[in-house]
Amino acid sequence: MYASACNGSKDSSPIFYLVGIPSLQDVFFLPVFFTFLSFYLLILVGNALILVAVVIEPRLHKPMYFFLINLSALDILFTTSTVPKMLSLLLLGDHYLSFSACFLQMYLFHSFSCSEAFILVVMAYDRYVAICRPLHYPVLMTPQTNAALAASAWLTALLLPIPAVVQTSHMAFDSTVYIYNCFCDHLAVVQASCSDTTPQTFMGFCIAMVVSFLPLLLVLLSYAHILASVLRISSQEGRSKAFSTCSSHLLVVGTYYSSIAIAYVAYRADLPLDFHIVGNVVFAILTPVLNPLIYTLRNKDVKAAITKIACPQDLGHHEDL
């Protein structure tokens with residue numbers, strides 16, 4: 001599939017040039033590279049540890065942790081769709097992407113972002129059933145139901161960006177397309193086109209509303225019911241225990257939507273282009289970095305399982321004592 005050139009020709013496929021952060025001086029490329037590399041390694045190691053811990057630890061074979069490993073897998077895929085290219089850009093000056101590579105990156109980035117929003121909704125529903133309908137929890141949250149919920153979140157997210165990506169690929173571009181971003185974000189590619197950008201900008205806005213606000217509304221609705229149920233618990237200990245089971249998920253939701261808010265404000269506010277680009281980078285990195293830290297520090301079961309994997313000898317020594 002080839003996009004139309006600005007002169008109407010379809011003889012060649014355009015090449016995309018990632019500008020990166022325009023005002024970033026060469027002397028800072030290496031420090032920023034090592035910063036991004038550290039974040040990326042932390043994302044890979046942290047989320048991989050959660051995946052392994054949940055799979056091998058029988059105590060974690062529960063619906064809540066099944067959805068957690070979906071979230072961890074998403075974080076790895078989400079960052080891998082963009083960060084390696086950012087690292088190559090900073091270290092090697094590799095600014096170019098082919099037409100197919102750019103649109104594949106765009107599709108994967110937005111698909112995995114959508115998947116994360118939907119998985120967070122499923123996790124909120126899991127907490128709602130556990131706290132508001134505890135007697136029905138084993139019946140409602142069966143392994144088959146859990147798999148169906150997760151598969152629905154993934155499938156919906158994989159299908160949702162297709163219309164925007166396909167239509168954007170048919171827009172007209174120069175032979176060399178300058179993308180003012182560190183990766184092929186939908187809006188940045190649309191703005192680089194020679195075509196009328198209004199229809200694609202509107203479509204992108206509509207999809208963003210569906211992906212951002214509808215899941216947020218469902219999460220808030222779940223937690224409104226959870227809060228009402230918790231407030232009806234008479235004992236302080238019971239309330240604390242109920243809230244503690246939701247704290248990690250609430251922090252992750254807060255982090256995810258905070259990163260969206262940062263990216264949105266950076267785009268809408270009258271700020272230099274660099275702030276818009278950095279806002280997108282924050283969205284691509286912040287949540288995947290913090291998710292494993294939140295679940296490791298806030299969840300005792302996950303923390304114990306990861307400690308068992310990382311320091312099996314020390315754990316065995318303490319058990320002997």
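Visitor: Two strands pair if DSSP finds at least two bridges between them. In strand 2, what is the bridge partner of Tyr-17?
Guide: Tyr-96. This is a predicted model: local features need pLDDT of at least 70, side-chain atom pairs count only at pLDDT 80 or more, and totals for chains, interfaces and linings use all residues. Residues are numbered from 1 along each chain as its sequence is written, and side-chain values use heavy atoms, with hydrogens and water left out.

Visitor: How many bridges join strand 1 to strand 2?
Guide: Two. Strand 1 covers residues 15-18, and the two strands run antiparallel. Strands (E, at least two residues) and helices (H or I, at least four) are DSSP runs, numbered from the N terminus.

Visitor: What's the strand order in the sheet?
Guide: The order is 2-1-3. The sheet is open, with three strands and mixed pairing.

Visitor: Which strands stand at the edges?
Guide: Strand 2 (96-97) and strand 3 (176-179). Each has a single partner strand, so one side of each is left without a neighbour in the sheet.

Visitor: New topic. Asp-75: buried or exposed?
Guide: Buried, at 0% relative accessible area. Buried means under 20%, exposed over 50%, partly exposed in between (1.4 Å probe, protein chains only). Asp-75 sits in helix 2, residues 63-80.

Visitor: What does Asp-75 touch, beyond its neighbours within four places in sequence?
Guide: Ile-43, Asn-47, Glu-116, Pro-288 and Asn-291. Contact here is heavy atoms within 4.5 Å.

Visitor: How many cavities of 30 Å³ or more?
Guide: One. The largest cavity holds about 40 Å³. A cavity is a set of points on a 1 Å grid where a 1.4 Å probe fits but cannot get out.

Visitor: What lines the largest cavity?
Guide: Val-19, Gly-20, Ile-21, Leu-24, Phe-29, Phe-36, Leu-89, Leu-90 and Cys-182. Helix 1 (29-56) and helix 3 (83-92) are the elements giving two or more residues to this lining. Lining residues have an atom within 4 Å of a point.

Visitor: What's the lining by class?
Guide: Eight nonpolar, one polar and no charged residues. Gly counts as polar and Cys as nonpolar.

Definitions and conventions: On a 1 Å grid over the protein atoms alone, a cavity is a set of points where a 1.4 Å probe fits but cannot get out, and a pocket is an open set with protein on both sides within 12 Å along at least five of seven lines; lining residues have an atom within 4 Å of a point. Grid points are joined across faces, edges and corners, and a volume is the space filled by probe spheres set on the points.
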